[in-house]
Amino acid sequence: KEAASSVIVSFKFYGNICGMFKLIVFEVTFRLIVPARATLDALEIHTILQTPAVKQLRAIFKESNQDFRLVGGAVRDMLIGKWPKDYDFATTALPEEIRRILEEKGVRVVLTGLQHGTVTAVIDGVSYEVTTLVGDNNASHHLSGDCSGTFEDLWRFDAEHRDLTINAMSMDLDGLIHDYFDGQQHIKDERIVFVENATLRIKEDFLRILRYFRFHASMCQHNNHDTHQLEAIEKNAAGLEQIAGERIWMEIFKFFSKNRAPVLLETMFACGILPHITLGHVREHHLSKFGSIHSTQCDPVTLLVSLMDTKDQFDTTSSVWCLSNAQKRLGNFLIQHRPQPVSWEMAQDLRVDDYPLEHIVQYCHYHERADIGEKLMLWPAPTFPITGKVLLEHGVAPGKQMGKLLEEMKTRWKWNRFQLSREDLLSKLDELSADVKTQ
């Protein structure tokens, strides 16, 4: 209430009567619809909608007599009290119209998704996706001059074909939210619900099954699933086999980072989802390990490895899901070294053997010894004082024997916890060389 008064007073100060009237409507609207858990107040939302780029886009489409709204995740985020990371917009204009409208006003356009009805506007180096509404035949007639449909028909039809009710809301740039399927109530009730018909929404894109669980992990504090939602998921789980592996990994990567991922992974297991995403070997002991090591410090790859018994299983999944080379290296490192329980000495030895620090830290997390990982990050790792050049200077011929000698000297150095100097090691050169020759 105090925030609203201060805003209105500021408009009175400038004497902008129209602006004051608009703000009053804006404030009343948000006071009615923002759930109690939200932390962004009307002034903050007004600030978001009044950023220069958003104002510029609004003016451009208003001048062209096209409806233009903020849609999807940005609206959802504002209602749960988060400042949006991305701004996605929808409009009644067709893709080529969007392109023409923007370019005529000097806005740089990137045609990244024209085939999907999306044009990207770049303003001050920031990208804003603008997408043509999904429309049915009746509602779309007005776009070609037939007024048998309405703008509102188009917006409702577009919302109906989004995945979840919490993602199906739109907001006009006066701050008025259009919520056709009770998304705000579902946010308040902490319920994740497919729009209208769960089976139809899932069949439009089977990846929505994984999105359901990701948003449940983000938005809900309890494992409160509607029975018919899970039934639709279970019946259509096989459709995930049609989804490109990299899309699966993108969802799983985000899902693994959520606090409630362990309990929801158990629900996915019970629904029979895992066999359809190359995780058919997962059993209850894998879920237990996943839950025991899950934390915000665990890399998603580390969590994935906890669901694997063998390198072959990891290689298959990492190939299908298109993990990056860096992610594959981390996974293979963990599988190679996890049989050995972690200790401070083991972590030190791995570090002086030039394994990546982040790999060793994840190895510590895998064995639930984050304390060792934290200690290692502060440890100034010593450098092995002997090199091939040093041995050449002391008469050791290059070749396999030199490599074995270097390995043996480094082993002695590690046994003595890095206390042997170059001189100490060279004093044992003859002895170590003889040992190497007899191996």
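In the predicted model, Arg-211 and Asp-163 form a salt bridge in which the closest N and O atoms are 2.7 Å apart. This pair links distant parts of the chain, since Arg-211 belongs to helix α10 (residues 208–219) whereas Asp-163 lies in the loop between α7 and β6, 48 residues apart. Across the whole structure, a search finds 23 salt bridges.

A further pair, Asp-353 and Lys-410, has its closest N and O atoms 3.4 Å apart. Here too distant parts of the chain are linked, with Asp-353 in the loop between α18 (344–352) and α19 (357–366) and Lys-410 in helix α22 (residues 400–415), at a separation of 57 residues. Asp-353 is partly exposed, its relative accessible area being 28%, whereas Lys-410 is buried at 17%. Helix α22 also holds the pair Arg-412 and Glu-408, whose positions 4 residues apart place them about one helical turn from each other. The side chains of Arg-412 and Glu-408 meet in a salt bridge with an N to O distance of 3.5 Å, and both residues are buried.

The strands β1 to β7 form an open sheet of 7 strands with mixed pairing, in the order β3-β4-β5-β2-β1-β6-β7. Strands β3 (108–113) and β7 (177–178) stand at the edges and each have a single partner strand, so that one side of each is left without a neighbour in the sheet. Within the sheet, β4 (residues 118–123) and β5 (residues 126–132) pair in the antiparallel sense over 6 bridges, and the bridge partner of Thr-120 in β5 is Glu-129.

Helices lie across this sheet. Helix α4 (residues 52–63) lies across β1 (68–71), β2 (88–91), β4 and β5, and runs at about 130° to β4. Helix α7 (residues 151–160), in turn, lies across β1, β2, β6 (170–172) and β7, running at about 20° to β1.

When its neighbours within four places in sequence are left aside, Asp-77 is in contact with Lys-82, Pro-84 and Lys-85.

Technical notes: Residues are numbered from 1 along each chain as its sequence is written. This is a predicted model: local features need pLDDT of at least 70, side-chain atom pairs count only at pLDDT 80 or more; totals for chains, interfaces and linings use all residues. Side-chain values use heavy atoms; hydrogens and water are left out. Two strands pair if DSSP finds at least two bridges between them. Helices (H or I, at least four residues) and strands (E, at least two) are DSSP runs, numbered from the N terminus. Contact means heavy atoms within 4.5 Å. Axes are lines fitted to C-alpha atoms, for helices over the stretch in contact, and angles run from 0 to 180 degrees between N-to-C directions. A salt bridge is a side-chain nitrogen of Lys or Arg within 4 Å of a carboxyl oxygen of Asp or Glu. Buried means under 20% relative accessible area, exposed over 50%, partly exposed in between (1.4 Å probe, protein chains only).
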